[in-house]
Amino acid sequence: MKNRYIATWLLALALTGCSKDFLTVVPETALSSATFFKTEADFQQAVNGAYVPFRQMYNERAWVLEEMHSDNTYYARNTLYGAVDPTENVADFAVPTANGVTANDNVLVQYRLNYVIIARANQILSLIDGAGITFSSDASKNNLKGQALFLRAFAYFDLVRLFGKVPLHLVPVTGREDAALPLATTDAIYAQIEKDALAASTGLQSKAAQAATDLGRATSGAAKTLLANLYITQKKWAQAEAVLKTIDGYTLQADYNNAFSFTSTNKNNSESIFEIQYMEGSAGYNGNQIYRFLPSPISAAEIAPIVGTSNPQPTSQESNNIPTPDLIAAYETGDKRKDISIGYVTLSGSLRADKTYPYIKKYARVHSLNQNTGQNWPVYRYAEVLLFLAESLNEQGKTGEAAPYLNQVRTRAGLAATTASSQADMREAIFKERRVELAFENKRWFDLTRTGRVKEIIGAYGAKVKANPAAYYFPAGAVPPPNAFTVLDDYYGLPAVEAALTPNF
């Protein structure tokens, strides 16, 4: 991967970080790693910097590639907006791909952000065991090292699930000659993720042991959940079960609505295993996801009740991540999660005959200023651990043991215990439960790929969209493009811009 961003950014990016406050980013510096990494505080600053790309990733791109690229969400075509953009290509399963590469910008940015995390983690890991550096304790050093290992494993897990094969960089790149690595096999990447996650799970603190100032950083529970997720993706059910049963110290929130943070409260709560940190305000650490998700054109009066700001502003953008009729129908009668997850707004300026649209309500938290939100993004919650446990047990033929874990999630949702008794029925029950419990949390696409159901489910979903565009938010006369739902591959093509910089893909 002979790319200039790795070759030239690595040293500077590895040193970009935060001050002692987890959310405070310091400017990039021209210092070399040899002169910078001298103290424990230096490593703390570098680890902080390794988290930073997550904010952009989850605010802008991950939901496009991992949620809109499924049957959970779609776009609401706004013909007044103009040309179709790269995000619609993803939602339409029509990403232009040739010779294994694509020019889609969402793919490029997600790819690069993951490698920024990897580059920063590699720099830390290459130096933290060096001579002459004093740490306040072995536990402190191990925790810093564990965070770097977790972050590298997490980034590679995202990459391998998106692309299948990517370059496997494990040491800092020093120049163009060692920047272009061959594509590693999927199995080799899985093996490295397992190695890193295992090491992280022993070096990291538990959530209970974290100081209040450390909340939001990776914990041993986060590393174990990542490891279990890897095993489930590989269908290593017994190994997944063993790891999942060691994850403790977490509980479900009594109210599903409280599983998710508000703008400045309820962050990193008892159900949260790992979440991306945002902070409302002028410091630059905020998100604006809900504004990217709201249907449009929306007036100031229509947006005001949703966001609660003092300065509501109208938008006329393209509308993305809109809940599909298919997902809405997936909720059982009486499921409390439905009204918490999905709201409705009527747009007076819509060109549709039906001017009422659904939107993702569980991320619509009241905040002060337009386009400036502070709620965190959930990556792993304890509810998913319970569903992982149910799945890993059921796949080993332990269907009776699986049911109580599934039912914990259903009980909180106000639903009766599952009636599934056979392994096949339980498998489908868990699959359906994951869809509604984890809706809009970037899980659906990976659930489709790891279960081998992309062509089955997306093929049927695409046929419905093309047969009845009006039901999928198209105004009269507007339809999906001719190539919609023609690229039903499990993996995206690699970024064309990166392909131009390496002979390996």
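## Aromatic rings

Rings of Phe, Tyr and Trp (its six-membered ring) pair if their centres lie within 6.5 Å; planes under 30 degrees apart count as stacked, over 60 as edge-to-face and the rest as tilted. In this predicted model, local features need pLDDT of at least 70 and side-chain atom pairs count only at pLDDT 80 or more, while totals for chains, interfaces and linings use all residues. Residues are numbered from 1 along each chain as its sequence is written, and side-chain values use heavy atoms, with hydrogens and water left out.

One aromatic cluster brings together F54, Y58, W63, F150, F154, F274, F293, Y363 and W377. The structure has 29 aromatic pairs. Take Y256 and F260: the ring centres are 5.1 Å apart and the planes sit at 80 degrees, so this pair is edge-to-face.

## Charges over rings

A charge sits over a ring if NZ of Lys or CZ of Arg is within 6 Å of the ring centre and within 35 degrees of the ring normal. R161 has its charged end over the ring of F157, 3.9 Å from the centre. R365 does this with F262, again 3.9 Å from the ring centre.

## The annotated domain

An unreviewed UniProt entry puts "domain: RagB/SusD" on residues 352–475; such annotations may be inferred rather than shown by experiment. Over that stretch the chain is 51% helix and 8% strand, counting DSSP runs (H or I, at least four residues, for helices; E, at least two, for strands). The end C-alpha atoms of residues 352–475 are 4 Å apart.
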